[in-house]
Each structure stands twice: as C-alpha cells, then as structure tokens.
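Please open the model in your viewer and keep the sequence beside it, so that each selection can be followed in both. The tour moves from one stop to the next, with something to select at each.

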Amino acid sequence: RVGVGAGEASLSPAGISMIADYFPPVARGKAFGVFAIGTSLGVGMSLLLGGVAIEFAGHLREIGPTWLAALAPWKIVFFLIGAPGLLVGAIFAVTVREPARRNRAGIARTLSLKPLFSFLSAQRAVLGGLVGWTVLNSVSIYALLGWFPQVMIRSHGWTAAETGQILGAYSLPCSVFSCLSGGWTVSWLQKRGRPDAPIFVAIGASLWVAVAGIVAALAPTANGAVVFYCILSLATNNGGIGILTAINQITPNELRGQVIALFSMATGLVSVTVGPFAVGYLSDNVFTAPNGIGPSVATVLAVATALGIVILFATKRSFSVAVTEASRRLS
C-alpha cells in the first residue's frame with residue numbers, strides 16, 4: 001500500500017507542472033478542470049463498480065487458471081484494477097512529450113532546496129493562506145466521502161450496496177460538471193480582468209458545498225439527502241481547481257512541482273486523517289444517538305468551511321501583491 005501511495009503522490013506535482021507549461025495562464029483553469037475529472041470519475045466508478053468487480057472476480061475464480069482460483073475475490077479485484085494501469089502507462093510513455101518550459105523565472109536548475117525555501121519564505125503569507133484553505137476544504141470533502149454513506153445507512157435505513165450504487169450514479173455526473181464549471185469559471189473571470197478569480201471561486205465553492213452538505217446531512221428524508229448531496233457535488237472540485245490556478249499564478253516555473261508536492265503533503269498528512277476522524281469523534285462523544293453521524297458531518301463542514309473562508313479573505317491582499325510581483329518578474 002505504501003508503494004501504491006508513492007506512485008500516486010508523483011502524479012499531482014508532475015502533472016500539474018506539465019499542464020502549466022502546456023497551456024497559457026488564461027487557459028490553465030480549464031485544463032486543471034479537465035485534469036480533475038480523472039479523480040471524480042475514479043471516486044464515482046469505485047462506488048458504482050465496487051460490488052460488480054467483486055462479483056466478476058468470483059466468476060473469474062471459477063473459469064480461470066488454478067492459481068487464480070486459490071485467491072480471495074478481493075485480491076483478484078486488485079489485479080483487475082491494476083492491470084489497465086500498465087496499459088495506460090505504456091500509452092502515456094509513447095504519446096506524451098515533456099512540454100517546453102513556459103515563462104521561466106531564471107532560477108538555476110540545481111539539486112538544491114535553497115530556491116524553494118527562499119520562495120516559501122518570501123511568499124509565506126499567501127502560501128500559508130492557500131495551504132490553510134486547502135487543508136480545511138479537504139477536511140470537509142473527506143468527511144463527506146468517508147461518512148455520508150453512513151448517514152444514508154444509519155439515518156435512512158439504506159443498505160451499503162444501494163447506497164454505493166445510488167450515490168455513485170447521481171454524484172458522478174455532478175462531480176464531472178464541477179470540474180468543468182470550476183475551471184471554466186476561473187478562466188472566464190480572469191479574461192475579464194479579475195486576477196483574484198481563483199480566490200473568488202474558492203470562497204464561493206466553500207459556501208456552496210458547506211450549505212448543501214449540511215442540509216444533506218440533516219435532511220429528514222432519504223430523497224432530500226440525495227438531492228442535496230448531488231447539489232453539493234456540483235461544486236466539490238471548484239475550489240481546489242481555483243487554488244491550483246492561484247498557485248501556478250504566483251509560483252516560478254522551476255518550483256511548481258515542488259510547491260504542489262508540499263500542498264499534496266499537507267493535504268495527505270492532515271485532511272485525510274482529520275476529516276474522517278473528527279466526524280467519528282463527534283459521533284462517539286457528542287452526537288451519540290444512532291443517527292448522530294448526520295449532525296457530526298454537519299458540524300465538521302460548518303467549522304472547517306468558516307475557518308477556511310476567513311483564511312482566504314485574509315489572504316486576498318497578499319495574493320494580489322504576489323500576482324503583481326510574478327507578472328513583473330516575467331515582464
């Protein structure tokens with residue numbers, strides 16, 4: 001599992017850095033939106049196809065070779081998921097080329113972290129704000145991903161199978177829409193003279209997801225919960241795409257991969273653990289009724305979103321200054 005994580009961790013820093021070189025600044029929001037579709041498709045398909053994959057693995061055991069029959073179905077699922085990745089990796093290696101570096105800042109290409117630390121020190125206010133919002137936003141998202149299915153099971157009496165199938169079927173197209181709409185909105189605002197477009201979009205997305213998520217978690221009926229879950233899914237990726245665009249606006253070309261790696265590390269170390277844990281802690285110690293998962297999710301969303309929005313408002317001025325400095329550096 002550690003090896004899988006190490007492979008996954010290389011994607012965002014390398015991919016986002018390449019996209020920033022493939023596309024001019026006004027088109028990057030759209031490009032990041034398309035890039036984010038991969039994650040939305042993966043999450044949705046895991047909900048939709050998880051049970052199907054287990055069932056198919058059972059059939060493979062019956063008709064496959066002897067060594068396959070000796071494996072548990074869940075192990076065969078890992079083969080089914082991993083094998084296509086080898087094919088996709090080969091296609092990528094053959095068809096994708098390293099893009100020409102766009103808007104170099106003149107930083108020497110050496111095996112030294114000194115340029116990175118110098119940049120982090122100079123832009124600590126804006127980068128700290130962007131990291132803070134990213135972590136808090138991810139706390140909300142992972143709280144929803146980890147616990148909303150349990151809201152449907154414990155509060156509305158659904159089975160695990162129908163929860164996965166229904167939430168996956170409805171949220172998948174909504175999440176894909178959020179990827180495209182977020183990127184297009186950032187690019188549209190930037191073309192109309194809003195250098196703070198990424199921050200504006202992130203604040204709006206935070207409010208959208210929090211309000212719809214709280215209503216979904218506390219909805220008295222299953223239909224109401226699903227409707228508002230779909231509504232929140234329309235904006236789950238918008239804020240993240242905005243922040244990715246913001247980072248690339250102010251980060252020198254030669255440091256983009258390293259800065260994105262630090263953002264990914266902060267999200268991985270804090271958000272993935274704190275979000276689900278906070279909901280579980282509140283459910284065990286505060287909202288202890290059988291249907292206490294809903295209020296626990298709503299509380300985490302409310303607190304994380306409020307803190308994140310305050311941080312972004314405090315970061316707006318330093319971000320505008322950083323954008324001006326980046327433009328001057330490249331002129």
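Select Cys-174, which is buried, with a relative accessible area of 14%. Keep in mind throughout that this is a predicted model.

For Cys-174, the nearest cysteine sulfur is that of Cys-230, and it lies 4.6 Å away, whereas a disulfide needs two cysteine sulfur atoms within 2.5 Å. The sulfur of Cys-179 has its closest cysteine sulfur in Cys-174, at 11 Å, which is too far for a bond.

**Second stop: the helix α8**

Select residues 160-191, which make up helix α8, and look along its 32 residues. From its first C-alpha to its last, α8 reaches 45 Å, close to the 46 Å expected at 1.5 Å a residue. Then pick out Ser-171, where α8 has a kink of about 35°, shortly before the proline Pro-173. Just after the helix, select Gly-193, which takes a positive phi of about 80°.

The structure holds two aromatic pairs. For one of them, show the side chains of Phe-148 and Tyr-229, whose ring centres are 4.5 Å apart and whose planes meet at 15°, so the pair is stacked. Phe-148 belongs to helix α7 (residues 124-156) and Tyr-229 to helix α10 (residues 222-233), so this pair ties together parts that are 81 residues apart in sequence.

Next, select Phe-277 and Tyr-281, an aromatic pair that is tilted, with 6.0 Å from centre to centre and 35° between the planes. Both residues lie in helix α12 (residues 256-285), four residues apart, which is about one turn of the helix. Phe-277 counts as exposed at 57% relative accessibility, while Tyr-281, with a relative accessible area of 46%, is partly exposed.

**Last stop: an arginine and a ring**

Finally, select Arg-194 together with Phe-200, and turn the view until you look at the ring: Arg-194 lies over the face of Phe-200, at 4.9 Å from the ring centre.

Key
Residues numbered from 1 in each chain as written. Predicted model: local features only at pLDDT ≥ 70, side-chain atom pairs only at ≥ 80, totals over all residues. Heavy atoms only, no water. Helix = DSSP H or I, 4+ residues; strand = E, 2+ residues; numbered from the N terminus. Expected span 1.5 Å × (residues − 1). Bend = angle between axes of the 7 residues up to and from the residue. Buried < 20%, exposed > 50% of the residue type's maximum accessible area, 1.4 Å probe, protein only. Phe/Tyr/Trp six-rings, centres within 6.5 Å; stacked < 30°, edge-to-face > 60°. Lys NZ or Arg CZ within 6 Å of the ring centre and 35° of its normal.
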